Amino acid sequence: MNIYIVIPAHNEELLIAKTLDSLVAQTILPKKIVVVNDNSTDGTEAIVNEFIGKHNYISLVNTSSSEDHMPGSKVINAFYQGYKTLDDGYDVICKFDADLIFPENYLETLIKHFEKNPKTGMVGGFCYIQKEENWILENLTNKDHIRGALKAYRKSCFQDIGGLKPAMGWDTVDELLAQYHHWEIKTDESLKVKHLKPTGNTYNPKAKYKQGEAFYKMRYGFMITLIASVKLSLLKKQPRLIMDYIAGFFKAKRERQPFLVTKTEGKFIRKLRWGKILQKLFKS
């Protein structure tokens, strides 16, 4: 299977070499890697150019966007700057962050999962962060969800979901829409990926309402938004975020912000979410 990888990068001179080193050392190499240098003011471009000089399947795209590290739109807009330079000869398209270290069998294992089950639309490993001398599972990671840092899509699944949405919540709505189109999501606990810069560390404070807005745009409705807000804020160990998320939901509703999914997709998403919630309640 041909794997193409797009890596958005903003001021990643300290980490991008580690990510690329781990990708060029894979047991099965990707056919193409595109790094999107998004408005970097450090040495990111020079480091990527060093890799380009050694590996002809790596390329660089320079683009300019806001310096604010806003979740969602910035990274997906950068992704598409790289994606549009690619041909359509891929079987799997990956959106990877520029602060990851992959085990050497990562891409080989992705291929095995996709080949084993033709209904597998997305595959991903688990993110680990460093705490003192140990690498521990990042608390936002679970077996039902592939982290936005390391998404891999079968081509036909990527096409069915209409690609990635340039908005906060893109890495949740992609999986919901994949299931709407009868695709399966596969996570592999054996694929332990080192996440060098934990999620949210560089987000702009102006983004605090964005998560609630995303819940609205995914047509969750208030009750699912409330439950999701409590769960996410507790996972982040910041209970005060509950009110920010709820405020963001009502802000989006008041402003009639555009939805990310259709009414039919929204109905499916709510049914799916309630099913998961009730399943966990009965298990406990």
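The legends below describe close-up views of a predicted model.

**Conventions.** This is a predicted model, in which local features need pLDDT of at least 70 and side-chain atom pairs count only at pLDDT 80 or more, while totals for chains, interfaces and linings use all residues. Residues are numbered from 1 along each chain as its sequence is written, and side-chain values use heavy atoms, with hydrogens and water left out.

Figure 1. Helices (H or I, at least four residues) and strands (E, at least two) are DSSP runs, numbered from the N terminus. The C-alpha trace spans about 55 × 40 × 40 Å along its principal axes. Of the 284 residues, 49% count as buried, where buried means under 20% relative accessible area, exposed means over 50%, and partly exposed lies in between (1.4 Å probe, protein chains only). Among contacts with a separation of 6 or more, 78% are made by residues 24 or more positions apart; a contact means heavy atoms within 4.5 Å.

**Figure 2. Strand 6 (residues 120-131) is mostly covered, with 10 of its 12 residues buried.** Two strands pair if DSSP finds at least two bridges between them.

**Figure 3. Strand 6 and strand 7 form a hairpin with 2 residues between them.** The two strands run antiparallel and are joined by 4 bridges, with strand 7 covering residues 134-137. Gln 130 stands opposite Trp 135, and Ile 129 has Ile 136 as its bridge partner. In the turn, Glu 132 has a positive phi of about 60°.

**Figure 4. Strand 5 (residues 100-101) pairs with strand 9 (residues 184-195).** The pairing is antiparallel and comprises 2 bridges. Leu 100 has His 195 of strand 9 as its bridge partner.

**Figure 5. Helix 6 (residues 170-180) packs against helix 10 (residues 263-283).** Two packed helices are described by the angle between their axes and the distance between the axes. In this pair the angle is about 100° and the axes are 10 Å apart. Axes are lines fitted to C-alpha atoms, for helices over the stretch in contact, and angles run from 0 to 180 degrees between N-to-C directions. Helix 6 and helix 10 are therefore roughly perpendicular to each other (65 to 115 degrees; under 35 counts as roughly parallel, over 145 as roughly antiparallel, and the rest as oblique). Helix 6 contributes Thr 172, Leu 176, Leu 177, Gln 179 and Tyr 180 to the contact, and helix 10 contributes Thr 264, Glu 265, Phe 268, Ile 269, Leu 272 and Arg 273. By class, the contact has 6 nonpolar, 3 polar and 2 charged residues; Ala, Val, Leu, Ile, Met, Phe, Trp, Tyr, Cys and Pro count as nonpolar, Asp, Glu, Lys and Arg as charged, and the others, Gly among them, as polar.

**Figure 6. Asn 11 and Asn 39 each have a positive phi.** Phi of Asn 11 is near 50°, and this residue is found in the loop between strand 1 (3-9) and helix 1 (16-24). Asn 11 is partly exposed, with a relative accessible area of 30%. Phi of Asn 39 is near 60°, and Asn 39 lies in the loop between strand 2 (32-38) and helix 2 (44-54). With 18% relative accessibility, Asn 39 counts as buried.
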